[in-house]
Amino acid sequence: ACSGVIINTASVQGLQSAMGVSAYAASKGGILSLTRQLALEYAQYGVRVLAVNPGTVDTPLVEEARIYTGQTREELNQEAVDSHPVGRMGTPSDVAAAVIFLASEEAAFMTGSYINVDGGLMAKGAWA
């Protein structure tokens, strides 16, 4: 019998979007749909399929967005503080901790679902 865990990286953009990110949001929504579908197809083989939905995480993608929008690093950091209820941008370690949990035996009864690692963005219910 097979076993294992597939953990996809989606985004809160796959659940709720903002102006100017149509393709990104659609691709992340597709990942969430694929996660659910594969969870059903692979459950019989003992393979769990899950996803993480990061909020704004301090990565090179954020730096590219900053350059595209013309924001300074300070403006971007302040925007993250203002928009995330926890008052900061996420770190790769924040996302990694959720992935480690999903891959562990503690999450053995989870499949086809996702965890938001978003500093409370989705709890707000709107980007604005």
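Guide: Cysteine 2 lies in the segment that precedes β1. Helices (H or I, at least four residues) and strands (E, at least two) are DSSP runs, numbered from the N terminus. The model is a predicted one, in which local features need pLDDT of at least 70 and side-chain atom pairs count only at pLDDT 80 or more, while totals for chains, interfaces and linings use all residues. Residues are numbered from 1 along each chain as its sequence is written, and side-chain values use heavy atoms, with hydrogens and water left out.

Apart from its neighbours within four places in sequence, cysteine 2 is in contact (heavy atoms within 4.5 Å) with Tyr45 and Gly46. Its C-alpha atom is separated by 18 Å from that of glutamine 37, 35 residues apart along the chain.

Three strands make up an open sheet, in the order β1-β2-β3 and with parallel pairing; two strands pair if DSSP finds at least two bridges between them. β1 and β3 are at the edges with a single partner strand each, so one side of each has no neighbour in the sheet. From one strand to the next, the twist averages 25°; axes are lines fitted to C-alpha atoms, for helices over the stretch in contact, and angles run from 0 to 180 degrees between N-to-C directions.

β1 is joined to β2 by six bridges. Isoleucine 6 has valine 49 of β2 as its bridge partner, and asparagine 8 stands opposite alanine 51 in β2. On the other pairing, four bridges join β2 to β3, and asparagine 53 is partnered with asparagine 116 in β3.

How many residues of β2 are buried? Eight of its eight residues are buried, where buried means under 20% relative accessible area, exposed over 50%, and partly exposed in between (1.4 Å probe, protein chains only). Val47, Val49, Ala51 and Asn53 point one way from β2, whereas Arg48, Leu50, Val52 and Pro54 point the other way. In a regular strand, side chains alternate between the two faces of the sheet.

The 21 residues of α1 (residues 22–42) should span 30 Å at 1.5 Å a residue, and its end C-alpha atoms are 30 Å apart, which agrees; the expected span is 1.5 Å times one less than the number of residues. Ala25, Lys28, Leu32, Thr35, Leu38 and Ala39 are the buried residues of α1. Seen down the axis of α1, they fall within an arc of 155°, so they line one face of the helix; the arc is that of the directions from the helix axis to the C-beta atoms. Ser22, Ala23, Ala26 and Leu40 are exposed on the other side of α1. Together, β1, α1 and β2 form a right-handed β-α-β unit: with the strands pointing away from the viewer, the path from the first strand over the helix to the second runs clockwise.

In α4 (residues 92–103), alanine 103 is partly exposed, with a relative accessible area of 43%. Not counting residues up to four places away in sequence, alanine 103 touches Val5, Ile7 and Arg48. Alanine 103 and valine 5 are 98 residues apart in sequence, yet 6.1 Å apart in space, C-alpha to C-alpha.
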